Amino acid sequence: MFIRPVPFDHPDAVKLNDEVQAEYHVRYGDGGDATHLDPADFRPPHGVYLIAYDEDGTPVATGGWRSQDKNDEGNEDGDAELKRMFVVASMRGRGLARRILAALEDDAREACRTRMVLETGTKQPEAIALYTSSGYEPCTKFGYYRFHEESLCYAKGL
């Protein structure tokens, strides 16, 4: 297993993004996450997008962070917003999400971000368990879904 940075619009990133969007649709019935994401959001030093590949070179997990500062959607100066954490079904339970999360936290810390924030939902218990067991705590809601009942927001100081 190896993890490498790729552009958000790389074909492997697009493939995995389509898969995570389909899973969001199954769980929430809303067509997927409507948050606007621009490939430029994930270009260092203002963010990064990572993909984990198996020994055959197949993309199996992904995640990224993008810089956010104080804005009208509830972010604070120094935020690094976690986006598109996902592991394909056949590779779950092997610690891949935890490895990507740690790599993203390290990268955001090196970019002088002070807090990692994320938004997940009530129908994603696996995500909630990962984040809370990794030191994330509930925080004031932010972002596109901040007024949605099923939205949950977490933060961790870097």
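How many cavities of 30 Å³ or more does a search of the whole structure find? The search finds one. This is a predicted model, where local features need pLDDT of at least 70, side-chain atom pairs count only at pLDDT 80 or more, and totals for chains, interfaces and linings use all residues. Residues are numbered from 1 along each chain as its sequence is written, and side-chain values use heavy atoms, leaving out hydrogens and water.

**Cavity**

- The largest cavity has a volume of about 70 Å³. On a 1 Å grid over the protein atoms alone, a cavity is a set of points where a 1.4 Å probe fits but cannot get out. Its volume is the space filled by probe spheres set on the points, which are joined across faces, edges and corners.
- Residues lining the largest cavity include Thr35, Arg66, Glu81, Lys83, Glu119 and Tyr145; a lining residue has an atom within 4 Å of a point.
- Strands β3 (59-68) and β4 are the elements that give two or more residues to this lining. Strands are DSSP runs of E with at least two residues, helices are runs of H or I with at least four, and both are numbered from the N terminus.
- By class, the cavity lining has three nonpolar, four polar and five charged residues. Ala, Val, Leu, Ile, Met, Phe, Trp, Tyr, Cys and Pro count as nonpolar, Asp, Glu, Lys and Arg as charged, and the others, Gly among them, as polar.

- About 780 Å³ of space lies in the largest pocket. A pocket is an open set of points with protein on both sides within 12 Å along at least five of seven lines.
- Of its 35 lining residues, Tyr24, Met85, Thr120, Gln124 and Ala127 are the closest to the centre.
- Strand β4 gives the largest share of this lining, six residues.
- The pocket lining holds 15 nonpolar, eight polar and twelve charged residues.

**Helix pair**

- Helix α2 (residues 96-110) and helix α3 (residues 125-133) have axes that come within 11 Å and cross at roughly 50°. Axes are lines fitted to C-alpha atoms, for helices over the stretch in contact, and angles run from 0 to 180 degrees between N-to-C directions.
- Contact (heavy atoms within 4.5 Å) is made by Ala97, Arg98 and Leu101 of α2 and Leu130, Tyr131 and Ser133 of α3.
- Four nonpolar, one polar and one charged residues make up this contact.

**Backbone**

- The peptide bond from proline 44 to proline 45 is cis, with omega near 5°. Proline 45 lies in the loop between α1 and β2 (47-53).
- Arginine 84, in strand β4, has a positive phi of about 55° although it is not a glycine.
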